[in-house]
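Here is a brief report on the nonpolar cores and salt bridges of one protein model. Please keep the sequence and the structure in view while reading.

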Amino acid sequence: MRFHVGFVAVLCITLGLSLGCRSALAPSVNRNRAPETWITAAPQDTISTRERDGRTTPGEIKTIPVRFHMYWAGSDIDGAVTGFYWAVVETLPLPPEGTSVIAPLPGPKPQDYHFTTRTDTTFNFNVSEFRPDRQHAFYIYAVDDKGKVDATPARFVFNALDRFPPLPILNVSQATGQIARVLNVPGTVTYKDTTIFLRDTLDLRHPGAPPKDTCASGSRLDFQWNALPTIAGGVATRYKYKLDEPFFTEVDSSVHSVSYNAGLGTGTARPGTKLFILRALDAAGGAREITRTFQVNWRPDTWFAGPDPSIVPVQQSVPGSANQRYLNVTNWRALDLPNTLLSCDSLNLWPSERVQRKTFWEIYRDRIYLHTEGDTVNMNSIVVISAGGSDLDSPYNVQVSSNDPVADTVVCGGGARALRPGPANGSPVGFRLQFAEALDLDYTTVSFPSQSNLYPLFDVASSFRNPVINGYQTFNLSGKVYFVVRSQDGDGATDDRFTNARAAQALADDVDSG
């Protein structure tokens, strides 16, 4: 019985051993080794070994031309390299809005990589029209015959410098417009086509300096250009230009001209200080620009147009007052002094037809005094300043609205051409009066009120309505008065030879003191 039991146990152990003896699994190990990649030396020239400031850069190349021949290589210890994937990344051309620092160089994205079987090629790197250099990084990694890639791509970080962008040339830069002048025959105007060649460029050392060239309001502006390559192959591939447009207009290299005020759809140039900018860009985006700065609209001229002194006889002068002459007035509503601007001449004569005289009127009590420069007037009297002026180019947009009664009123025999808007006639449309008064109480104290509103201005709907032809001012303090009258043309430009009456006072005192 024991033997039988033991036999069964042996059988069971033997059976267990036979079931546990299976063959071992094969190891899952990829024995294909990844390839290696490196960027080989590239031909160097004077650009690639120098920085922008001229310093040499021994060792690592930091700055290269925008067109550069790159070389690379790869090896695979247990197979063969079948190709490469390369990518180029670059910084932004300008700092992000609201910042002043350009963002760091980004890393490449999967979609930035391109496959090639070559081991060299010439790259055209991009710069910017805003600056000639831009930071780049070149990445490349090899792939072997079994599809395995180099997990550590070779990298080259550098600045691409465009030292030779094309040079823009303005072959034509001119303005053609009409200049109006009044002849000796009243109401007769001549118009002459005048071409002004625009040669003044923007001086960055004096950005606030006024331009030297001025053209007539409404002039046709013509610009024609080309660009000269400054290195072999560095031709202009496109142009950008801008005058009054909010943004640059970009055109291809076949476009070489633009005109403004030349008809429908060609753009307009409003009066004011202008800056025309032309940029020539090459394939890398590098640019050079050329400028023309000029003034559209001649500013008007102004003069005092007081009465002829012979109107009031010398016999009617105030005793001991240096011949201050006067007329007695019994009815102010019937006052009419022919050949002065206190008559229908104020409505019938354009400002350019008024004779230049430094005289003026004073109204005090029942008298009207005729004065010349330097005379003394009564305190609390009304001083009447008459003015004339000329303007070469602006339309005669005198401020007379159709809603104002004077627009349809028959006055002065129905003429009143000084109040009739029309084309340019050589005259400004109105005036602004200002004065400075050095008070007798303390000569260093100067009263300096703001200038008057524009006159004449006939518009019953306007809070600035000023239906007068002359300037009127009352003085209730004793002192020396300095008057400044500025004419304004139909385009809104004013005679700016004096910035204000205080400046005129200083100049007059300098002249008086020699």
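This is a predicted model: local features need pLDDT of at least 70, side-chain atom pairs count only at pLDDT 80 or more; totals for chains, interfaces and linings use all residues.

Residues are numbered from 1 along each chain as its sequence is written, and side-chain values use heavy atoms, with hydrogens and water left out.

**Nonpolar cores**

A nonpolar core is a set of buried Ala, Val, Leu, Ile, Met, Phe, Trp, Tyr and Cys residues joined through side-chain atoms within 4.5 Å. Buried means under 20% relative accessible area, exposed over 50%, and partly exposed in between (1.4 Å probe, protein chains only). Strands are DSSP runs (E, at least two residues), numbered from the N terminus.

The largest nonpolar core has 22 residues. Leu 221, Phe 223, Trp 225, Tyr 260, Phe 276 and Phe 294 touch the most other members. Strands S9 (167–182), S12 (220–228), S13 (238–242), S15 (257–260), S16 (272–281) and S17 (287–296) each give two or more residues to this core. S12 gives the most, with four residues.

**Salt bridges**

A salt bridge is a side-chain nitrogen of Lys or Arg within 4 Å of a carboxyl oxygen of Asp or Glu. By this rule the model has 17 salt bridges. Three of these pairs are listed here.

| Pair | N to O distance |
|---|---|
| Lys 240 and Glu 250 | 3.9 Å |
| Lys 274 and Asp 244 | 3.0 Å |
| Asp 404 and Arg 465 | 2.7 Å |

Take Lys 240 and Glu 250. Lys 240 lies in strand S13 and Glu 250 in strand S14 (residues 249–252), so the pair ties together parts that are 10 residues apart in sequence. Lys 240 is buried, at 14% relative accessibility. Glu 250 is partly exposed, at 47%. Both belong to a network of salt bridges that also links Glu 129, Arg 238, Arg 279 and Glu 289.

Lys 274 and Asp 244 link distant parts of the chain, 30 residues apart. Lys 274 sits in strand S16, and Asp 244 in the loop between S13 and S14. Lys 274 is buried, with a relative accessible area of 6%. Asp 244 is partly exposed, at 22%.

Which parts of the chain do Asp 404 and Arg 465 link? Asp 404 is in the loop between strand S24 (399–400) and strand S25 (430–439). Arg 465 is in the loop between strand S27 (457–458) and strand S28 (471–474), 61 residues apart from Asp 404. Asp 404 counts as buried, at 2% relative accessibility. Arg 465 counts as partly exposed, at 34%.
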